[in-house]
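Visitor: I would like to go through the labels used for this model and ask what each one rests on.
Guide: Here it is.

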Amino acid sequence: MMNDFPAQLVMFNELLESNDCANEPALQQMAMTAALTGDPHFQQMFAERAMLVKAANMFDPYDFTNPSEAELGLLLDPWMQIILGRVLHTSNALTISLDDFLKHFLLLGRTGSGKTNFLYSLICQLAARGVAVWAFDRKQDFRHLHRVSNSIYVLPLAKSFPINPFAVPPGVDPLQWLQIIIQIFCKWFGLLDGSSSLLLVILHGLYEQRGIFEGSQNYPSMEDLFDACAGHSVRPGGREAHFKDSVLNRLRAILTTNGDIFDCTVGYSLLDLADKTVVFETAGLSENLFQFITSVLIRWLMEYRMASQERGGGPKNVIIADEGRGLFSGYSNDLIGVTPMAELLATVREFGIGMIISDQSAYLDNGVFANSYTKIAMSMGSGEDLRRIKKTFSLDEDQLAYFHRLQTGQAIVRHPRFANPFVIEILKFPLE
């Protein structure tokens, strides 16, 4: 009988193909056993099982081609892998390498699809492998992770996080930082080039007065900037007077609503947080202020890593931007143009920083889709979102229709390591 094994196996595999269940690991194992033993009763049971699977697939068709075990097994070092979930209809785990996070990660899914649970798993796995995660949380979803590990810090930005955006990162040229901060401020608060030039003149003067260019850390605060701007002499009714009024209006609004945050010379030591996993809660901040502070923190980290010459060696930090539209909106804005965060996507990875961008909608900046290596889409409802996902994930019409059958915790994956998209069930994170 053993001499007939190859022919028998070919026959059983053809049976699997004809019943549209060639990617079922359990049936593949049964085919191997049936061919090896030659047991007619087992062979009959195998044939019946294959037909049952085909019948089930007719009522709930699975329109994806799952990766082979050989494709899934390309990563050999478990310590360098992050588990995303289990490939649907198989017992195979899907893992990606830590280095994949440097090429950025896009996660889409509507409320209730399982996105937050998935992010819990990613945060804890990355932190356990020595990667410092900075998660920016708009809805206070991640504060519970402190119960999992007291090495995960939760900092409410609107309440107890003093920050001075004009404090220069270690090793960074003060003039360079000054220009970066002014650009971020003007973009998020919709100020024109004239206001930018005015801010540069005033802040440069404050830096000179306080000896910042000579190494002093007596940085001006936001209120110092307001006072200096208010006292800056301009010709009444001229263009510069208009720019001055625009800047003062923005600064006055910030100091009125969240002045306590900026009432400091140096602020919270970001250097102490650079290698820690931190949840930054942004609830209580206006949209513009959330965008400004988040951009400042991420840019601070990038400039610090750059000044430290920390290139190569895998990811040092992973930034999680939940509700990512706030930072990576796909809506055009003539004043903002390309958002300060979208500009960073192509450069931060050189310095050991990767990004996970998560949102309920696919209407994000084109740079997010172009620069994200791993793309995950959970259940989505909007037709516009699905049309964009179809193009990005290279889905056919049947695969696109499968979105309506995705259960909570299931997701479609697109990753360059695999020729085709496929579906996974994400890990359920045991938070309780």
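Visitor: Why is phenylalanine 292 called buried?
Guide: This is a predicted model, and in it phenylalanine 292 has a relative accessible area of 1%. Buried means under 20%, so phenylalanine 292 counts as buried.

Visitor: What makes the pair of phenylalanine 185 and phenylalanine 292 edge-to-face?
Guide: Their ring centres are 5.5 Å apart, and pairing needs centres within 6.5 Å. The planes stand at 85 degrees, and over 60 counts as edge-to-face, so the pair gets that label. Phenylalanine 185 is buried too, with a relative accessible area of 5%.

Visitor: Which helices hold phenylalanine 185 and phenylalanine 292?
Guide: Phenylalanine 185 lies in α8 and phenylalanine 292 in α13, so the pair ties together parts 107 residues apart in sequence.

Visitor: Why is the pair of tryptophan 300 and tyrosine 304 called stacked?
Guide: The planes of these rings are at 20 degrees, with the centres 5.3 Å apart. Planes under 30 degrees apart count as stacked, so the label applies. Both residues lie in helix α13, 4 residues apart, about one turn of the helix.

Visitor: Why does tyrosine 304 count as buried?
Guide: Its relative accessibility is 13%, which is under 20%, so tyrosine 304 is buried. Tryptophan 300, at 7%, also counts as buried.

Visitor: How do you know that lysine 103 lies over the face of tyrosine 373?
Guide: Lysine 103 is at 4.3 Å from the ring centre of tyrosine 373. The distance limit is 6 Å, and arginine 388 lies over the face of tyrosine 363 at 5.9 Å from the ring centre.

Note on methods. Residues are numbered from 1 along each chain as its sequence is written. This is a predicted model: local features need pLDDT of at least 70, side-chain atom pairs count only at pLDDT 80 or more; totals for chains, interfaces and linings use all residues. Side-chain values use heavy atoms; hydrogens and water are left out. Rings of Phe, Tyr and Trp (its six-membered ring) pair if their centres lie within 6.5 Å; planes under 30 degrees apart count as stacked, over 60 as edge-to-face and the rest as tilted. Helices (H or I, at least four residues) and strands (E, at least two) are DSSP runs, numbered from the N terminus. Buried means under 20% relative accessible area, exposed over 50%, partly exposed in between (1.4 Å probe, protein chains only). A charge sits over a ring if NZ of Lys or CZ of Arg is within 6 Å of the ring centre and within 35 degrees of the ring normal.
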